[in-house]
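Dear colleague,

Please find below the structure that I am handing over to you.

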Amino acid sequence: MINPRKYGLHVLKTTALSFALAASFQVTAQNDKERVETIEVFGQKTTPQLKRAFDNQRFEFLELYNSINEVAKFDVICKYQKPIGSKIARKSCEPRYVKDFRAMKIQASSTGPGIDFNRLPSDDDIRFLTNDTREEAFEHVAALIATHPELFDSFSKLDALHQRIKQREEEN
């Protein structure tokens, strides 16, 4: 004859043991999931891809810079231009003070009707004649980078891309 009390205790022990085993299997299964092998793949960009990324980052930096900058002559103006003999427009940028100086020199060099292309200042002449303002602009940009964390982050990304391109060119 089966003692109901012993039988009930036996059923209780068996049930508790079953729950303990189930919980243990569940913990083991979770640990196995955590031990899944992970594989990381690091791709390397080609030099043209790095240069494209640099240009994109440069334009992002300039856009952010222009939104922060409050000195109009230091704004950087970007526009699409087609080089002579090409149908492909490229984005080029230059500071407002250079554009203003070039316009002033062109206006001063045209004494009669039309434009005498031989009297127009070259880019080297303009660069030389705006050198003092360029140094002032560099100081202004450096001050903005130092005081605006988001501009500093953007510049850091730009510099990192520049360093990678430079390193790649030195390796070849």
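A pocket, as the word is used here, is an open set of grid points with protein on both sides within 12 Å along at least five of seven lines, and a residue counts as lining if it has an atom within 4 Å of a point. Please note also that this is a predicted model.

By that definition, the largest pocket is lined by 27 residues. Those that lie nearest its centre are Val76, Cys93, Glu94, Pro95 and Val98. The volume of the largest pocket is about 790 Å³. Several elements contribute to its lining: at least two residues each come from helices H2, H3 (96-109), H4 (123-129), H5 (131-147) and H6, and from strands S1 (76-81) and S2 (90-95). H5 gives the most to this lining, namely 5 residues. In terms of residue class, the lining of the largest pocket comprises 17 nonpolar, 8 charged and 2 polar residues.

Three of these helices, H2, H5 and H6, also pack against one another, as set out below.

H2 and H6. Helix H2 covers residues 47-68 and helix H6 covers residues 149-171; they pack at an angle of about 155 degrees, and their axes are 9 Å apart. Angles over 145 degrees count as roughly antiparallel, and H2 and H6 are therefore roughly antiparallel to each other. Their crossing is left-handed. On the H2 side, the contact is made by Thr47, Leu50, Lys51, Ala53, Phe54, Gln57, Arg58, Glu60, Phe61, Leu64, Tyr65 and Ile68. On the H6 side, the residues in contact include Leu151, Phe155, Leu158, Leu161, His162 and Ile165. By class, the contact of H2 with H6 has 12 nonpolar, 8 charged and 4 polar residues.

Phe54 lies in helix H2 and touches Leu158, Leu161, His162 and Ile165, if residues up to four places away in sequence are not counted. From C-alpha to C-alpha, Phe54 and Ile165 are 8.7 Å apart in space, although 111 residues separate them in sequence.

H2 and H5. The axes of H2 and H5 cross at roughly 90 degrees and come within 11 Å. H2 and H5 are therefore roughly perpendicular to each other. Here Phe61, Tyr65 and Ile68 of H2 meet His140, Val141, Leu144 and Ile145 of H5. The contact of H2 with H5 has 6 nonpolar residues, 1 polar residue and no charged residues.

H5 and H6. The axes of H5 and H6 come within 5 Å and cross at roughly 110 degrees; H5 and H6 are therefore also roughly perpendicular to each other. Leu144, Ile145 and Thr147 in H5 meet Pro149, Leu151, Phe152 and Phe155 in H6. By class, the contact of H5 with H6 has 6 nonpolar residues, 1 polar residue and no charged residues.

With kind regards

Notes. Residues numbered from 1 in each chain as written. Predicted model: local features only at pLDDT ≥ 70, side-chain atom pairs only at ≥ 80, totals over all residues. Heavy atoms only, no water. Axes fitted to C-alpha atoms, helices over the stretch in contact; angles between N-to-C directions. Helix = DSSP H or I, 4+ residues; strand = E, 2+ residues; numbered from the N terminus. Parallel < 35°, antiparallel > 145°, perpendicular 65-115°, else oblique. Left-handed = near helix turned anticlockwise from the far one by under 90°. Contact = heavy atoms within 4.5 Å. Nonpolar A, V, L, I, M, F, W, Y, C, P; charged D, E, K, R; others polar. 1 Å grid on protein atoms, 1.4 Å probe; cavity = no way out; pocket = protein on both sides within 12 Å on 5 of 7 lines; lining within 4 Å. Points joined across faces, edges and corners; volume = space filled by probe spheres on them.
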